[in-house]
Amino acid sequence: MNFFRNLFKKRDTLQQSTIPIDELFARNFTKRGGKFIYCTSEVEVQETFRQIVKELGITIKMSSNSSAVINEMFEENETLFSSPINEADVYLSDCECLVADVGGIMFSSHQMKHKKIDELPETFIVFAKTSQLVKDIAQGMRTINKKYSDNQKPTGLMTLQNFIQETDATSIETYGVSSKETYLILLENITQ
């Protein structure tokens, strides 16, 4: 029995290594319950954002991490982000990396405003670019180390990999792991 389990595991690993990184991420992210929206222009990003806000409801309270990326991309909607984090229903953020092999989103303390994941709203809207895709968490860590100087390195990192509440509270995979309803707006920014 272990022989077959190992054989299938090797086949799955081999299949994953031949899939393009963006497709692998999309598969794993949506399999875990994330809502993935791919955009090819900033105009599409704006339209997608408006559709998500409409889906969530007109009376939502939003907060954002106020990074330069978020401020620049969503400046026409800045009046929506007036709620303090502890009163907001939705949190808009950028991220450090998108981790393909687990379908997760890597955040640093910079994006999380030095808060624990449980202290943030239950719904996330994450804006990222295809250039932020990495193969695995190790590559994500290397990317972060290159990005920040020693005195600017984040004090904490976390990879959100669970995007829906599990109905089985005894699941060993998700026990003690926070989950958030997550919309990912991914902008294509790599030219072939």
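**Terms and their grounds**

Modeller: In this predicted model, E3 and E6 pair in the parallel sense over four bridges, and in E6 the bridge partner of Leu92 is Ile125.

Colleague: What makes E3 and E6 count as paired?

Modeller: Pairing asks for at least two bridges between the strands, and E3 and E6 have four, so the term applies. Strand E2 (residues 62-64) is joined to E3 by three bridges, also in the parallel sense, and therefore meets that cut-off as well. Within E3, Tyr91 is the bridge partner of Ser63.

Colleague: Which elements make up the β-α-β unit, and what is its hand?

Modeller: The unit consists of E2, helix H4 (residues 68-73) and E3, and its hand is left.

Colleague: Which way do the residues of strand E3 point, and are they buried or exposed?

Modeller: Val90 and Leu92 point one way from E3 (residues 90-93), Tyr91 and Ser93 point the other way, and all of them are buried, which means that each lies under 20% relative accessible area.

Colleague: Why is Ser149 called partly exposed?

Modeller: Ser149 has a relative accessible area of 35%, and because buried means under 20% and exposed over 50%, that value falls in between. Ser149 is found in the loop between helix H5 (137-147) and strand E8 (157-160), where its side chain is joined to that of Asn151 by a polar contact of 2.7 Å.

Colleague: How do you know that this pair of side chains makes a polar contact?

Modeller: The limit for the pair of N or O atoms is 3.5 Å, and the contact between Ser149 and Asn151, at 2.7 Å, lies within that limit.

Colleague: Why is Lys113 partly exposed, and why does His114 count as exposed?

Modeller: Lys113 has 34% relative accessibility, so it falls between the cut-offs of 20% and 50%, whereas His114 has 57% and is therefore over the 50% that exposed requires. Lys113 is placed in the loop between strand E5 (104-108) and E6, and His114 is found in the loop between E5 and E6. Lys113 has a positive phi of about 55° although it is not a glycine, and His114, a residue other than glycine, has a positive phi near 60°.

Conventions: Residues are numbered from 1 along each chain as its sequence is written. This is a predicted model: local features need pLDDT of at least 70, side-chain atom pairs count only at pLDDT 80 or more; totals for chains, interfaces and linings use all residues. Side-chain values use heavy atoms; hydrogens and water are left out. Buried means under 20% relative accessible area, exposed over 50%, partly exposed in between (1.4 Å probe, protein chains only). Helices (H or I, at least four residues) and strands (E, at least two) are DSSP runs, numbered from the N terminus. A crossover is right-handed if, with the strands pointing away from the viewer, the path from the first strand over the helix to the second runs clockwise. A polar contact is a pair of N or O atoms within 3.5 Å; within protein, one must be able to donate a hydrogen and the other to accept it, and residues adjacent in sequence count only if both atoms are side-chain atoms.
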